[in-house]
Amino acid sequence: MAKAAAAAGVATGQCLCGKITFEIDVPARWAWHDHSAASRRAHGAAYATYVGSWKKRFRITSGKTALIRYEDKSTRTARSFCSHCGTPIAYERPRGPHMVNIPRALFNERTGRQPLYHIGIEELQEWAYTGEPLVPLKGFPGVVWQRSKKKRVSGEDPFELGREEM
C-alpha cells in the first residue's frame, strides 16, 4: 500500500446548506472526472469531478448527524449525502477501501491535485460540453453558446435550437 505524504495544509468544504462541513489534509491523493452513469445520476450532471483522499486524512468537522449513506449492494459502493439539502459528500469504492472521494466543487481552497484522470470516458454523453469554442450570445449578457455549424435563419430564436431533445 502506498504511504501518505506529509500534510502541507488543510482544504475545507461544505454542502449547499452549510450543515455539513469537512476538511482534508492536502495534498489530496488524486483528482479525476467520472463520466459513469452512476456518478451522472448521483450528481445530476454530465460528470462528477472528485478529489481522492485517504480516509484518515478526511474529517467531518460539523454536521455528522446530517450525513446519510446510500449503499449499492450490486457494486459495493457507498455514497454519503447531506440529509437536509441532498448535496453529495463522499463516494467510496471497494477498490480503494482506505480512500474516500469527495466532489471537487465542495472545496473552498485548492486541494493540491488537478483532475488529470477520466473514468468511464466511454460513457461520455453526446450532449456534454467537451471544450468547443463558445461565443457571447448577443442580447443575453453572461450567456455564451456553441455556434451551430448549421446556418441559422435571420430572426430565429437561438434557444429554439435543440428543443427537439426535450
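The structure is a predicted model, in which local features need pLDDT of at least 70 and side-chain atom pairs count only at pLDDT 80 or more, while totals for chains, interfaces and linings use all residues. Residues are numbered from 1 along each chain as its sequence is written, and side-chain values use heavy atoms, with hydrogens and water left out. A search of the whole structure finds seven salt bridges (a side-chain nitrogen of Lys or Arg within 4 Å of a carboxyl oxygen of Asp or Glu). Side chains of opposite charge can pair when their charged atoms come close.

**Salt bridges of D25**

- D25 and R57 form a salt bridge through their side chains, with an N to O distance of 4.0 Å.
- This pair links distant parts of the chain, 32 residues apart: D25 is in strand β2 (residues 21-26), and R57 is in the loop between β4 (48-54) and β5 (58-62). Strands (E, at least two residues), like helices (H or I, at least four residues), are DSSP runs numbered from the N terminus.
- Both R57 and D25 are buried. Buried means under 20% relative accessible area, exposed means over 50%, and partly exposed lies in between (1.4 Å probe, protein chains only).
- D25 also meets R59 in a salt bridge, at 2.7 Å from N to O.
- Because D25 lies in strand β2 and R59 in strand β5, this pair ties together parts that are 34 residues apart in sequence.
- D25 has a relative accessible area of 16% and is therefore buried, whereas R59, at 28%, counts as partly exposed.

**A network of salt bridges**

- K55, R69, E71, K73 and E92 are linked in a network of salt bridges.
- Within this group, the side chains of K73 and E71 meet at 3.6 Å, N to O.
- K73 counts as exposed because its relative accessibility is 66%; E71, at 40%, counts as partly exposed.

- Beyond its neighbours within four places in sequence, I24 is in contact (heavy atoms within 4.5 Å) with several residues, including V51, R57, F58, R59, I102 and F107.
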